[in-house]
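The entries follow the order of my reading.

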Amino acid sequence: MSTPVIAPALKQTALNATHRALKAKMVDFGGWDMPVEYSGCIAEHLAVRTAVGLFDVSHMGEIQFRGPNSLAAVQRITMNDASRLKDGQAQYSALLTPQGTFVDDILVHKLGDNDYLLVVNAGTKDKDYAWIRQQVGSMAGVHISDYSQHYSQLAIQGPRALETLQKLIKTDLSAIKNYWFTWGQVAGVHNTLIARTGYSGEDGFEVYIPSDVATSEKVWNAILEAGAEFGIQPCGLGARNTLRLEAGMPLYGHEITDETNVFEAGLDRWLKLEKDSDFLGRAALQTVKDAGGPTRKLVGLEMVERGIARDGYAVLNEAGDQIGIITSGSPAPFLKTNIAYAYVPGSVAESKEDAFVQVRTNKVRAKQVPTPWYKRPKKSS
C-alpha cells in the first residue's frame with residue numbers, strides 16, 4: 001500500500017480566531033489560512049475607496065539587516081538605490097535574479113544607518129530569505145534575521161484611514177509623508193512601527209505590532225471601533241486584489257515572475273542602473289536597455305464587449321492568433337468596468353491597437369488603456 005500524502009497544516013496569523021468569529025470566508029493562500037472576504041468583496045472594495053477598510057496582512061515577511069555593511073548588502077540584492085533613503089523613509093524595490101527577472105518585489109525601510117527592514121511577500125518569504133542568505137549571508141559586517149513570526153501587520157486603508165488611526169495614537173499622523181514611517185504607541189501598544197504605505201491605491205497606514213494573540217486582537221478591535229463612525233469594514237484578500245489591480249500595482253506570480261524582467265513589467269522607474277553599487281541583474285538589464293528595450297510589454301486592457309478577462313486567458317489579435325496572456329483580470333468594482341493586465345509583443349503595445357481575449361468560447365474585444373486605471377483624487381487645500 002502506498003503511504004498517504006498528508007498536506008502540511010495551514011499557517012495561521014494571530015487573528016485567525018477573530019476572522020472566524022466574524023464569519024470570514026477562509027481560503028488557502030500560499031500555505032496560509034486567510035480571509036478572502038467578510039461581507040463581500042465588492043462592499044469591502046468600495047469601503048476602502050470611499051471610507052476605510054482594515055486588512056490582516058500578518059502573513060507578510062519581515063527580514064532585518066543590521067551592522068556596518070547592512071547598506072552594502074541591501075544595495076547588492078535590490079534594484080532601487082537604498083543609499084538615497086533617510087532615517088524613517090521607505091521605498092519600493094525588488095530582489096532580482098542575475099537575469100534581471102524577479103525573485104520578489106519588496107519594501108525597504110531605513111530604520112537607521114546600519115539597520116534596514118525588508119518587507120517581502122507571504123508566499124515567497126522562505127524563498128526570499130534563502131535567496132538573501134545565499135547572496136549576502138556570508139558578507140562580513142551584516143547580520144540578517146527573519147523576524148516574520150514576531151510581527152502582526154495590519155493595514156488601515158482609505159480616505160478615512162488617518163482619522164481612524166489618529167484616535168489611537170498621540171503622534172500627528174498627518175506629518176508622516178507617503179512612504180515614510182515613525183514609531184509610536186497604538187492602542188496602548190508601545191514601540192509600534194507605523195508606515196504610510198499600502199497596497200490599495202488609497203492613502204493609509206500599515207502598523208507592525210507584536211504577534212501574540214492578545215495584542216493582535218486588542219489592536220484589531222480598537223481599529224474597528226475607532227473606524228465605526230466612518231463605516232470601516234474588515235477586508236479580505238479578494239478586495240485587496242481588486243484594489244491593487246485598479247491601482248495598477250503588480251502581483252508576484254502574475255505581472256512579475258522569475259521569467260519577467262523589470263523593463264517588461266514597466267517597473268523601471270524604480271530601477272537605478274546608475275547607482276554606485278553593483279547589484280544582481282544589473283548587467284542583464286543594461287543589455288536589454290542597450291538592445292532597445294524588451295520584446296514584450298505589460299499593458300492595461302479594458303473590456304469593450306461583455307466578458308471578464310481572467311488570469312491565464314489567451315490574448316488574440318484580430319485574426320484570432322494568440323499574441324499574449326492575461327496576468328490579472330477582474331471586474332473593477334469602483335470603476336464599474338472589467339479590466340486586465342496582459343503581456344503582448346512590444347509592437348502591439350506601441351500600436352495601442354485593440355486586442356481580443358478568449359473568454360471561454362468567445363473572442364471578446366478589449367481596448368488598450370493607460371494604467372493605473374484608478375488614481376485617488378488629490379485633496380483640495
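I began with the surroundings of Asp 56. Leaving out residues up to four places away in sequence, I found that Asp 56 touches Thr 13, Leu 15, His 19, Met 34, Gln 153, Leu 154 and Trp 220, where contact means heavy atoms within 4.5 Å.

I noted that this is a predicted model, in which local features need pLDDT of at least 70 and side-chain atom pairs count only at pLDDT 80 or more, while totals for chains, interfaces and linings use all residues. Residues are numbered from 1 along each chain as its sequence is written, and side-chain values use heavy atoms, with hydrogens and water left out.

I then placed Asp 56 in strand S3 (residues 53–56); strands are DSSP runs of E, at least two residues, and helices are runs of H or I, at least four, numbered from the N terminus. Asp 56 is buried and has no salt bridge. Buried means under 20% relative accessible area (1.4 Å probe, protein chains only), and a salt bridge is a side-chain nitrogen of Lys or Arg within 4 Å of a carboxyl oxygen of Asp or Glu.

Next I looked up Glu 62, in strand S4 (residues 61–66). Glu 62 is also buried without a salt bridge, and Lys 125, the nearest side chain of opposite charge, is 8.4 Å away. Among the residues in contact with Glu 62, beyond four places in sequence, are Asp 146, Tyr 151 and Tyr 208.

Key
Buried < 20%, exposed > 50% of the residue type's maximum accessible area, 1.4 Å probe, protein only. Lys, Arg positive; Asp, Glu negative; His and termini not counted.
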